[in-house]
Amino acid sequence: MRRFSTLPFAGTPEQETQLRQWLAEHKEMPGVTMPALQKAQEIYGYLPIEVQRMVAEGLDKPLADIYGVATFYSQFRLAPQGRNRISVCLGTACYVKGSGKIHEKLQEKLNIKDGECTPDGKFSLDSCRCVGACGLAPVLMINEDVYGRLTGDDDELDAILAKYE
């Protein structure tokens, strides 16, 4: 499920200038909506409604069109990512070995839901379908670090999270 951020938008004037300049330079390009949203996400890291409005204004397109593209394609994020991105594999091998419970425990520990970011910006939590490490099931990743053969024990999860605080 795609989530919206509960964190306030924190874009900078420099980011806005960079995006508006790009939009002005590329406005007439055929099929510009996708590249514009990709550029906006590159600049901001995600696509909050404030950024979608800038894109809509810059391209002279209805906000509904921009929102439709941003919500249709899975490459676009509507909520910010934490400095440490946690992905819990819920693929078949991992799920059978308990990754669903690990995912639930992490939601409780971080006090966020799947697809959200902690208020301090330290962690974001997402489920995924496979990380290609089925032999290590159940698996979670934090950034590029893979943790496998997890038990889901509170001490184990606390120790993993502590490495990123």
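In which helix is Lys 39 found? I located Lys 39 in helix α2; helices here are DSSP runs of H or I of at least four residues, and strands are runs of E of at least two, numbered from the N terminus.

I noted that the model is predicted, with local features needing pLDDT of at least 70, side-chain atom pairs counting only at pLDDT 80 or more, and totals for chains, interfaces and linings using all residues. Residues are numbered from 1 along each chain as its sequence is written, and side-chain values use heavy atoms, without hydrogens and water.

**Entry on Lys 39.** I found Lys 39 buried, at a relative accessible area of 18% (buried is under 20%, exposed over 50%, partly exposed in between, with a 1.4 Å probe and protein chains only). Apart from neighbours within four places in sequence, Lys 39 contacts Gln 18 and Trp 22 (contact means heavy atoms within 4.5 Å).

**Entry on α1 and α2.** I looked up the packing of α1 (residues 13–26) against α2 (residues 33–44): the angle is about 165° and the axes lie 10 Å apart. Axes are lines fitted to C-alpha atoms over the stretch in contact, and angles run from 0 to 180 degrees between N-to-C directions. The two helices are therefore roughly antiparallel (an angle over 145 degrees). Residues of α1 in this contact include Gln 18, Leu 19 and Trp 22, and those of α2 include Lys 39, Ala 40 and Ile 43.

**Entry on α7.** In α7 (residues 154–162), I recorded Leu 157, Ile 160 and Leu 161 as buried. Asp 155 and Ala 162 are exposed on the face turned away from that buried side.

Methods:
Angles under 35 degrees count as roughly parallel, over 145 as roughly antiparallel, 65 to 115 as roughly perpendicular and the rest as oblique.
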